[in-house]
Amino acid sequence: MTAVATAKAGRFWVARAAYGLGLGVIVAVLEFVHYAPLVGERGGIGLPELALLLPDWCGEFVLLSLVVGYAEARELPREPSALKLALAVVLGAFAGALVWYAVLDAVLRDLLGLGLFIDRVGQPVTWAGRIFYHAWMMIFFGGLAVAVQASLRGHARMLAELRAAELRRAGAQQRLAELSLGSLQARVDPEYVFRTLSRLERLYEDDPSGADRLLDELVSFLRRALADIQASGAVPAQPT
Amino acid sequence: MDDSLGRGASAMAPQWISWPSLWRGGLLALAVVFVLSTQLLFQFSLFESWPLADILAGWLEYFVEQLLVGGCIFALIAGTGFVPTRSRVRRHALLLLAIVLGALAGELLLMLRLQPSLDASAVAILGSRIARWLVVAGLAYLYFVFRRQAAEAVAKVHESELQRVELDRQMTEARLQSLRSQIEPHFLFNTLANVQQLYRTDPGRGRRMLASFVAYLRTALPRMRHDETTLAHEVDLARTYLDVLQVRMGERLKVRFDIPRELAGLAFPPLALSTLTENAIKHGLNPLPEGGEIDIQAHREGRQLKVGVTDTGAGLRASGGPGAGIANLRARLAALYGGEASLTLEANAPRGIRATITVPIRAARSGQA
């Protein structure tokens, strides 16, 4: 892998992680405002609980985002199908919820003794209940976010394609305009020549000097026209 | 600005709201609300304490409740489509307002059904639900807008490609046209310069040359713009052209035609024979002081018509290879017949060139001159 490709891949994964992080923050805040009124009577929750909620959801959404990112990276430069994306969301949600619960259980509960947000709120929840609840939240919000992102990419791709198509069309139009300009110059109107020559034929019978003048004019007109044509390159010069 | 999306929209409605997009938006809202309602089924503890029938009944009720709120939000979002504004900021502010008001109305209805008066904690719960709807409806709306704009772009790409194909077709036509009209200006000029000179030195020959030339134009003109003509007319054209030149070259030019009568009515590309004849004169006989002979013959070989122009002129080497006229003719044959037609140049014994055009046998279309 070249350095440029590595840097590009690095940016791809960092962007995915940041996307998951942002979504995690949004869901954590939603969760916080959801619980705040419910636990109001039990002494309430504040900033320490919000601080506990943030790593809770952010870690899970980052994991989900990385799984979806893997599904996307596999198909690059094409788009993964909607079915594959949905599969990645569901798998990523359950795997993320499981893995992250194990991590939080080990770090926050056992190592630091802080406990999880749900322990503070005082609602007894089994681990399976937590996994399913979190998985659903990730499937719903993560799925929506992935759909928005995919539609945004499709939108950008179509706009780029539209620009390219417009450029191609404009190019064709310009070439056509140039060509018709060239052939306009190249065309010495045969009808006009024919009428003039017929007149010339008759004129030579009646008024030879007038015919001579007309022929002079015609020849010098053609000389100028031919010079124009050759200058414009519309007609390849031919030996005479 | 969005444009050309007015299908089915009434005159009162702004351009960007239309029945198809309302229909699709409604379906999307329904799908989002349905998935949202499944949250109930993921509440693991429910299955431990309630029978399945009760859970399913509760799910249905929950779905209808969410549908009510989602419907309120959807109606208000669709309603913003009727507010005319060109500013993006105002459009987004309107959207935000529609989601908040829709969620407020829907959730308020649900809440007041259970308890007629609101306390502080009910207001806080209301607030948290509205916040959630804001995220859900906002994301769904973004998805919808991007999808719709992408679909519009697809339609525009399609239209643009159609126009490009049409332009390309016109270009091929124009190129053919210009190839056809490229042939004569030099010939015209040279002939007229000759006529002019002759009238001053030998009026009789000058008059004959002018008459031949007018006859040539009369034969050539009606066919300038057609893709196909008959062999007979092409031979006539070559004959009148050679008549013009015979006035100029006199004894230096001998002409022989050998065209079987039964081949005369077959289709033949316009001005092809003239190009070969012009070439035979220009590069073959003209450079030689003693002149030479041009022999034009046609014969049939299976399903092909072969028309040859043989000259006893300076030959391939002296002319320095085929010129622009030959290249143009080849391009024209390719444009008219694809790979079915060909043009070959070979040395003639004892000297000169034999040029042969091969085209598929085809009767000339009726109605053609």
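I will go through chain B, starting with its overall make-up, then a helix pair, then a sheet.

Bear in mind that this is a predicted model. Chain B has 11 helices and seven strands. Of its 369 residues, 33% are buried. Among contacts between residues at least 6 apart in sequence, 71% join residues at least 24 apart.

Now the helix pair. H3 of chain B covers residues 52-80, and its 42 Å from first to last C-alpha is close to the 42 Å expected at 1.5 Å a residue. Its buried residues include B:Gln66, B:Gly70, B:Phe74 and B:Ile77. An α-helix has 3.6 residues a turn, so residues three or four places apart point the same way.

H1 of chain B, residues 19-37, comes within 9 Å of H3(B), axis to axis, and the two cross at roughly 145°. That crossing is right-handed. From H1(B), the contact residues include B:Gly25, B:Gly26 and B:Ala29; from H3(B), they include B:Gln66, B:Gly70 and B:Phe74. What classes of residue make up this contact? There are 12 nonpolar and five polar residues, and no charged ones.

Next, the sheet. Five strands form an open sheet with mixed pairing, in the order S2-S4-S5-S7-S6 of chain B. S2(B) and S6(B) are at the edges with a single partner strand each, so one side of each has no neighbour in the sheet. On average, neighbouring strands are turned by 15° against each other, direction ignored. S2(B) and S4(B) run parallel and are joined by six bridges; B:Phe257 has B:Ile296 as its bridge partner in S4(B).

Two helices remain. H8(B), residues 231-249, packs on the sheet and touches S2, S4 and S5 of chain B. H9(B), residues 272-285, lies across S2, S4, S5 and S7 of chain B, at about 20° to S5(B).

Note on methods. Residues are numbered from 1 along each chain as its sequence is written. Chains are lettered from A and ligands numbered from 1 in the order in which they are written. This is a predicted model: local features need pLDDT of at least 70, side-chain atom pairs count only at pLDDT 80 or more; totals for chains, interfaces and linings use all residues. Helices (H or I, at least four residues) and strands (E, at least two) are DSSP runs, numbered from the N terminus. A residue is buried if 20 or more other C-beta atoms lie within 10 Å of its own, exposed if 12 or fewer, and partly exposed in between; C-beta atoms are placed from the backbone. Two residues are in contact if their C-beta atoms, placed from the backbone, lie within 7 Å. The expected span of a helix is 1.5 Å times one less than its number of residues. Axes are lines fitted to C-alpha atoms, for helices over the stretch in contact, and angles run from 0 to 180 degrees between N-to-C directions. A crossing is left-handed if the near helix is turned anticlockwise from the far one by less than a right angle, and right-handed if clockwise. Ala, Val, Leu, Ile, Met, Phe, Trp, Tyr, Cys and Pro count as nonpolar, Asp, Glu, Lys and Arg as charged, and the others, Gly among them, as polar. Two strands pair if DSSP finds at least two bridges between them.
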